Amino acid sequence: MKSTHLSLIAGAAVLAAITGFATVTAPGAPAETGAKSAALLPVERSSLVCPAPSTSELAETRYTSFTPAGEGGDAEGTAELKPALPVVDDEDDEDESDPKKAKKAEEAAKKAKAKADKPVLAVREPGKPVVAEADGADAPALAGTATGRLAPGWAAQQTTEVTAGGARGLLGVTCTAPGTDFWFPGASTAKFRQDYIHLTNPDDTGAVADIELYGPEGALKSDVGDGITVPARSSVALLLSTFTTEAVDQLTAHVTTRSGRIGAVVLSADDGAGSDWITASADPSGTLVLPGIPADATSVQLVAFAPGEDDADVKVELLGKNTAFSPAGNATLHIKSSMTAFADLKDVTRGEPGSLRLTPVQKDRATPIVAALRVVRGKGDKQEVAYIPATGPVGARASVPDNQAKDSTLSLTAPGATAKVKVTASAGSDGGEAAVETYTVKAGTTLAVTPQAPDGLKGTYALTVETTSGGPVHASRSLARTEGGVQMFTVQTLPDDRGTVKVPSARQDLAVLDD
């Protein structure tokens, strides 16, 4: 029995470090005993997926990958992102009865697999980002794994610039960990929007996903959202407006998997305001924070959804530069169960940076919700859109790659207590030395700063944010560029990187063995 106890503990500790799943308690011991004696260890394996960047031939895409410097992991490790395999439609398959065509198809498949086995990005050392570029509509979706010392906090970003056409804009998306459940408030099937949901499968076996759409009146009728196959190591993009005959401007998309795991994001193109990615909202919660509304936003629209059986009534507050307040006419929002709610906050920031906080009107009735913001800068034909989902706190640490000398703004908000944070600008991808700054974020406010670039910067750098006291702190990073008079921008949130997990301490293990 003693060896069995040891095997269970060791196996659980390894599983926690590899998967990020935490918690083991000795048989018969109170639950809190395991929590009190647990130790934090670095994860030993991380996975990320990135969608195909664009369908525009004018697209210029930069992929950036980074692992923050820090203790943990084995002495060795890898962090590689590789292209996803192309998906071939059945009607486009070569006729297998024709030997020449069958051989041609087989050779093409071998070439595609060989290409997919070669990494596009490979991090070599913690603390220094790596960069790859691709132009046009053929830039691939990516998937990969980090191990050993390169796994804790591993992050990747793809940034695409399209200067003309319906897909015009600066499109940024943080590559995501694969999962099984995603919420996308702010998606659309309206005629002036073209929203594609990208599903990427990083694994060697196929996945099956379901997609549900919810508008202001409830679920939209659809016969094609069930049982969507995502082949192994492949990515598919599906136009949401083909799922239903109903044209709905603001809706919520829900993606789940029946089998396997996937990464999911929405690429949204607006006929009058450019395009950007919509990333998943934080998990349903009674209180949400949406950080980083630009000071010069000309339009801010809140989209929220209550997935449970109960309606939700939430208080809407802007956490501004100096204080928190409720927008005039939008102090509260009623969200009916299984229906998407919408609030037009207009130019709510009025020249100062801000973040949105949603809390239950009645503290004893915290109905879980998901939410996102649709934010527009500029007016008329110079409009540009970006999306900010509700996000979790920075926690111990969070990183975002792909920053240049002058195009980044870091937004920090403390919805509860005053907090202090440390911000590290990494070494540049082509040279430069890391720089560190500390900031104090006052309770109930938002602090927007232009980060100090690394000394002697060459190339791009990554930002790492760490909460050192107080908090919690929620954060986002915006990239901005002006092209043809259009203030193009994109916003990425910084939730905790989950670079560590809790495992039982040695003292607890020995106590179990002595029983």
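Me: Is Lys422 buried, partly exposed or exposed at 30% relative accessibility?
Reply: The model is a predicted one. Buried means under 20% relative accessible area and exposed means over 50%. Because its relative accessibility is 30%, Lys422 counts as partly exposed.

Me: Which residue forms a salt bridge with Lys422?
Reply: Lys422 lies in strand S30 (residues 419–425), and its partner lies in strand S35 (residues 461–470), so the pair ties together parts that are 44 residues apart in sequence. The closest N and O atoms of the two are 3.5 Å apart.

Me: How many salt bridges does the count come to?
Reply: Side chains of opposite charge can pair when their charged atoms come close. A salt bridge requires a side-chain nitrogen of Lys or Arg within 4 Å of a carboxyl oxygen of Asp or Glu. By this rule, the count of salt bridges comes to 13.

Me: How many residues apart in sequence are the parts tied together by Asp402 and Arg62?
Reply: The side chains of Asp402 and Arg62 meet in a salt bridge, at 2.8 Å from N to O. Asp402 belongs to strand S28 (residues 398–403) and Arg62 to strand S3 (residues 60–66). The pair therefore ties together parts whose separation in sequence, in residues, is 340.

Me: Are Glu384 and Arg168 buried or exposed?
Reply: Glu384 and Arg168 form a salt bridge, with their closest N and O atoms 3.2 Å apart. Glu384 is in strand S27 (residues 384–389), while Arg168 is in the loop between strand S8 (155–162) and strand S9 (169–174), so the pair ties together parts that are 216 residues apart in sequence. As for their accessibility, both Glu384 and Arg168 are buried.

Me: Which residues are linked with Glu161 in a network of salt bridges?
Reply: Some salt bridges are described above as pairs, such as that of Asp402 and Arg62. Glu161, in contrast, belongs to a network of salt bridges. The residues linked with Glu161 there are Asp407 and Arg481.

Me: With which side chain does the side chain of Thr340 make a polar contact?
Reply: Thr340 lies in strand S24 (residues 340–346) and counts as buried because its relative accessibility is 6%. Leaving aside neighbours within four places in sequence, the residues in contact with Thr340 include Tyr214, Gln250, Leu251 and Phe305. The polar contact, at 3.0 Å, is with the side chain of Thr252.

Me: Which backbone oxygen does the side chain of Ser326 reach?
Reply: Ser326 is placed in the loop between strand S22 (324–325) and strand S23 (332–335), and it is partly exposed because its relative accessible area is 29%. Not counting residues up to four places away in sequence, Ser326 touches Lys315, Val316, Glu317 and Ala331. At 3.0 Å, its side chain reaches the backbone oxygen of Val316.

Me: How many residues are in the largest nonpolar core?
Reply: The members that touch the most other members of this core are Leu302, Leu333, Ile335, Leu356, Leu358 and Leu373. Leaving aside neighbours within four places in sequence, Leu373 is in contact with several residues, among them Leu290, Ile293, Leu302 and Leu356. A second, separate core of 27 residues includes Leu240, Val266, Val385 and Tyr387. The number of residues in the largest nonpolar core is 29.

Me: Which residue in S17 stands opposite Asp195?
Reply: Strands of a sheet pair through backbone hydrogen bonds, either parallel or antiparallel. Strand S11 (residues 193–200) and strand S17 (residues 263–270) run antiparallel and are joined by eight bridges. Opposite Asp195, the residue in S17 is Ser268.

Me: What percentage of the 515 residues in the protein chain is buried?
Reply: The protein chain has four helices and 38 strands. Among its contacts between residues at least 6 apart in sequence, 82% join residues at least 24 apart. Of the 515 residues, the buried share is 50%.

Notes. Residues numbered from 1 in each chain as written. Predicted model: local features only at pLDDT ≥ 70, side-chain atom pairs only at ≥ 80, totals over all residues. Heavy atoms only, no water. Helix = DSSP H or I, 4+ residues; strand = E, 2+ residues; numbered from the N terminus. Buried < 20%, exposed > 50% of the residue type's maximum accessible area, 1.4 Å probe, protein only. Polar contact = N/O pair within 3.5 Å; in protein donor to acceptor, adjacent residues only side chain to side chain. Contact = heavy atoms within 4.5 Å. Core = buried A, V, L, I, M, F, W, Y, C linked by side-chain atoms within 4.5 Å. Pairing = 2+ DSSP bridges.
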